[in-house]
Amino acid sequence: MELDLRGLSFSFGEKQVLRDVSFKVHPGEFLGLMGPNGSGKTTLLRCLMNFLPAGSESISVDGRPLDAFSPAELARTFAVVPQSSATDFSFTAYDIVMMGRIPHVSSRIAGTTKEDASAVRSAMERTDTWKFASRPFYGLSGGERQKVIVARALAQQSKALLLDEPTVYLDINGQFEVMDLIKRLNREEGTTVIAVLHDVNLAARYCSRIALLSHGMLEAIGPPKEVLTPEIIQSVYGVDVVVRRDPFTEAVYVVPHTISSLGHAHGTHAHLLCGGGTGGPIMKALVERGFSVSAGVLNVLDSDYENVQDLHLAVVAEAPFAPISEGAYAENMRFIEDSKVVIVSPFPVGPGNIRNLEAARAALRAGKLVMIVSPAPGKTIDFVGGKADAAVKDLISSGAIPVKDVHELVSKLPMEGTG
Amino acid sequence: MMSRTPKASDGGPDADLQHVVRRRKLILGLLLLGLIGSVLLALLIGTLGPIGPGNPERISFGDAMGAIFNLPGDRPDYYNVIFWEVRIPRVLLAGLVGAALACAGTAMQAVFRNPMADPFIVGVSSGASLGAVIAGLSGIASVAVIGSFVSPALAFFTALVTVFVVYSLGNVRGKLYVDTLLLSGVAVAAFLGAIVSFLIYFRSQEYHRIIFWLLGSLSLASWTAVGVLAVAVSIGTVVVFLYSRDLNALLLGEETAHNLGSDPETVKTLMLVFAAVMTSAGVAFTGVIGFVGLIVPHMMRIVVGADHRILVPSATLTGAIFLILADALARSVIAPTELPVGIITALCGGPFFLYLLRRSRTGGET
Ligand SMILES: Nc1ncnc2c1ncn2[C@@H]1O[C@H](COP(=O)(O)OP(=O)(O)OP(=O)(O)O)[C@@H](O)[C@H]1O
Ligand SMILES: [Mg+2]
């Protein structure tokens, strides 16, 4: 199936939703359709189905204008998996999949044929839904329902699949199951796939090309590597991302950077003593408000270490699972000396990292402003038999400022040169 | 419904599905037998019997059978008249109207995607009432011979005009919006209902006749009525049945129906037209018989599931059986006086409907 869009435009009354969209979909391709909410992806699929009339010249399938297709013919060309399907009526899963055979019915009088029955059965077996064939559709979970709808699309035996966020209701396992199944169909049977996907990483992993819509216009089209660049994503979605490459699958994946637009970058240096992921929200809040942030001492596999990496912050690192060494401690102190404020996150304290509390004490002695984030002041997650609690109490009595949460922290932070 | 047959689920989906096919055949067979049985039973019920008060004389079972099947035998001639001029057309009319209402109700519930829809939802009953009242008030209805044609004809005509008006209100630039259609139906029915009340108010001597009509009755049955309905019902039910796959798809929403290769606009229009013709033909001869078109499809959906390929025939047959039995009851509860059959259907249907409603609210299947 070859699909050709030439200057496709569509308006709901005054509101123009698709503007002059042109691209081709080649036989056997797996095309991802992406774009922010309201950018016109669903509308584009509806135009392809001729459910919304887009005018006969702008869409052609295998060289024929869309208007030349009868409804049944169109349903043998495209099978649709919509965002969600529900009905109050008591159809069984089997009944629902059997409806996929409607475009193949030879006459209204004809009953269910052997081909119908076997197409339904094989579609349900492949989607792993045969086991609940006789259960009522409305009694299935959202994920099970979605698989039944995929089965219906398979039973339709069309040349192409149009999927509108087919995995929204599925858990991670279900997502990959359904996407893998569709990929297999695409690869083994040459079924063309056009899928609206919101998950950038799912799209990068499965699609051979991605078309990116923005405000109804085609912003970019090409292989994931070319379309999913930080620059294009920034311009379409308005978020900063980091594009990485999966070491195993070679697929690109995207992680959000930070929301850079919130605060004016004043560069006040804050050093964060953290660990175990407790520092993540604090780092983000500080970066958003324009602080220049460093952190330490963190073990390399600590989740706060990953947070630091994602935000591209300076960090004092220690080897995985190793206690803080003299060298790391000294480097940490250099960061503290350089900083305006030292912040202690409510990190779990063990023998390996208790020296981070010592560093805070040293900071106080050196006259630094020290703030301690803790939901219960003076209490820590203490794996050193009360020593940590004692150390924190000592910090507070020596002048460290306790704050309950990130919110209170940022309200009490000194900011230089902000305005 | 498949899920409601726990004993079959041991063999997995295969056994279940085979079981479903067998069960569907069995249900249709039973309903056909039930129809024949209820026709015979209803023929035997009535004043003079064989089942019934039988004052001052009682027709014996043998004589009744002889008359019904035109067997040679030694019995008074008027027995044949009783059966062939009165009871047989009446029972057949009951069956045909019941079938028409149930089939039309099934189609309307699918078109409106709402199990609470009934055949009168697009204004058929109020339109027909207006025609019947006009015929009554203008005196045409009481003119011998032609009156019995003109009155139903006028009711049929006004019913169809009403449906056409409601249909046009629901149709915006070639697309039929079912919610607009529904509200238009309600508004038009209220408007026409007010006119009917107004007319009756000023001609109170017609009151009894009109009320009898508004409650629905089969007492005006005739072979003409049977003939007209036989044509309307056989065409109507066949069309609805031929579109049963499309009705299935329509229940999943118009977009899905379109995506599955059906043409929802055509289907909706066809269903409305044929349901309206069937219902109007019935209403014209029998008045407004409520609840059959609402309850029967609903009940059969619980028994056979939502697949219209089985639902349409089984609801149609059940509607026939239900109205035949309800009319037999209406004739015999306080014989020799006759109740309007609409009272019986409402008395049976109302509580049953509430029961279904409660069931669906408390987690049962609808
Ligand atoms: N029936 C309608 N009438 C008027 N406007 C509509 C209609 N359907 C969609 N729109 C508008 O068209 C635009 C595109 O909608 P569309 O559903 O195609 O977006 P989308 O890309 O699929 O978004 P999402 O990711 O949220 O599903 C939106 O601004 C929406 O409000
Ligand atoms: Mg959408």
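Helix α12 (residues 292–304) and helix α13 (residues 308–332) of chain B pack against each other in this predicted model at an angle of about 130°, with their axes 9 Å apart. Helices here are DSSP runs of H or I of at least four residues, numbered from the N terminus, and axes are lines fitted to C-alpha atoms over the stretch in contact, with angles from 0 to 180 degrees between N-to-C directions. Angles under 35 degrees count as roughly parallel, over 145 as roughly antiparallel, 65 to 115 as roughly perpendicular and the rest as oblique; α12(B) and α13(B) are therefore oblique to each other.

On the α12(B) side, the residues in contact (heavy atoms within 4.5 Å) include B:Val292, B:Met299 and B:Val304, and those of α13(B) include B:Ile310, B:Thr318 and B:Phe322. The residues of this contact divide into 11 nonpolar, three polar and one charged.

Chain B also meets chain A, with 35 residues from chain B and 39 residues from chain A in the contact. About 3100 Å² is buried between the two chains, 61% of it from carbon and sulfur atoms; buried area is the accessible area (1.4 Å probe) lost on putting two parts together, summed over both. B:Arg245, B:Asn259 and B:Leu260 supply 21% of the area that chain B buries against chain A, more than any other three residues.

Two salt bridges are found across this interface, a salt bridge being a side-chain nitrogen of Lys or Arg within 4 Å of a carboxyl oxygen of Asp or Glu. The side chains of A:Arg46 and B:Glu255 form a salt bridge at 2.8 Å, N to O.

Residues are numbered from 1 along each chain as its sequence is written, and chains are lettered from A and ligands numbered from 1 in the order in which they are written. In this predicted model local features need pLDDT of at least 70, side-chain atom pairs count only at pLDDT 80 or more, and totals for chains, interfaces and linings use all residues, while side-chain values use heavy atoms, with hydrogens and water left out.

How values were computed:
Helix = DSSP H or I, 4+ residues; strand = E, 2+ residues; numbered from the N terminus. Nonpolar A, V, L, I, M, F, W, Y, C, P; charged D, E, K, R; others polar.
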